[in-house]
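Biologist: I would like to learn how to read a few features of a model like this one. Could we start with the strands?

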Amino acid sequence: MTEFDISPPLDPEARWPEGLSIRARTPADAPGILALHNMPGYRFGTLRTPHHTIEEIRRHIESPPANNIGLVAVMDGRIVGDVGLNRYLNRRAHVGSIGMGVHDAYQGRGIARALIGEALAIADRWLNLKRMELTVYTDNEKAIRLYEQNGFVKEGHLRQFAFRDGEFADAYSMARFRT
């Protein structure tokens with residue numbers, strides 16, 4: 001990959017880790033996204049269930065939900081993270097939500113910071129979204145810190161939010177506001 005293959009961040013102030021590229025996902029990415037989504041650490045922080053199939057991933061890429069933008073982070077020739085930005089409709093057209101994750105072996109390298117930065121740049125600079133929402137498990141302290149550093153605040157504590165690895169887990173509802 002050359003420097004011409006890597007698009008710069010949408011936010012001119014953003015700095016990505018060396019060699020990281022963030023781009024729209026394509027059907028050809030299905031095997032890499034499948035590997036990412038089936039990783040235990042990645043899955044533990046999301047609402048995903050184990051053992052997704054390549055057909056499920058490919059269908060989601062080829063027929064995304066309305067108003068959904070899916071991005072992948074690529075480093076060392078592999079998909080190392082992904083983020084989805086969903087824009088709501090009608091009376092909530094000013095609101096979007098984010099869901100994201102990073103490859104188990106690539107955590108702590110600034111990839112999550114780059115992914116959320118790119119998603120928020122799209123929300124702010126291209127979609128004019130005023131409110132961004134997400135949920136995060138209460139035990140995911142690193143993610144909570146990242147979200148808070150990006151302007152998200154806790155709005156609610158969702159008890160028994162999801163059943164994860166044999167037990168119920170709580171989550172925080174978080175939001176970021178832009179005036």
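Modeller: Two strands count as paired if DSSP finds at least two bridges between them. This is a predicted model. In it, R131 stands opposite F177 in β7.

Biologist: How many bridges join β5 to β7?

Modeller: Seven, and the two strands run antiparallel. Strand β7 covers residues 167-177. Eight bridges join β7 to β6, also an antiparallel pair, with A162 opposite A169 in β7. Two residues lie between the strands in the hairpin of β6 and β7, where D165 takes a positive phi near 50 degrees.

Biologist: Next, helix packing. What is the angle between α1 and α3?

Modeller: Packed helices are described by the angle between their axes and by the distance between those axes. Here, α1 (residues 30-37) and α3 (residues 54-62) cross at roughly 115 degrees, and their axes come within 9 Å. The crossing is right-handed. From α1, A30, P31, I33, L34 and H37 meet I54, I57, R58 and I61 of α3. By class, that contact has seven nonpolar, one polar and one charged residues.

Biologist: Which classes make up the lining of the largest pocket?

Modeller: The lining has 20 nonpolar, 17 polar and 11 charged residues.

Key: Residues are numbered from 1 along each chain as its sequence is written. This is a predicted model: local features need pLDDT of at least 70, side-chain atom pairs count only at pLDDT 80 or more; totals for chains, interfaces and linings use all residues. Side-chain values use heavy atoms; hydrogens and water are left out. Ala, Val, Leu, Ile, Met, Phe, Trp, Tyr, Cys and Pro count as nonpolar, Asp, Glu, Lys and Arg as charged, and the others, Gly among them, as polar. Axes are lines fitted to C-alpha atoms, for helices over the stretch in contact, and angles run from 0 to 180 degrees between N-to-C directions. Helices (H or I, at least four residues) and strands (E, at least two) are DSSP runs, numbered from the N terminus. A crossing is left-handed if the near helix is turned anticlockwise from the far one by less than a right angle, and right-handed if clockwise. Contact means heavy atoms within 4.5 Å.
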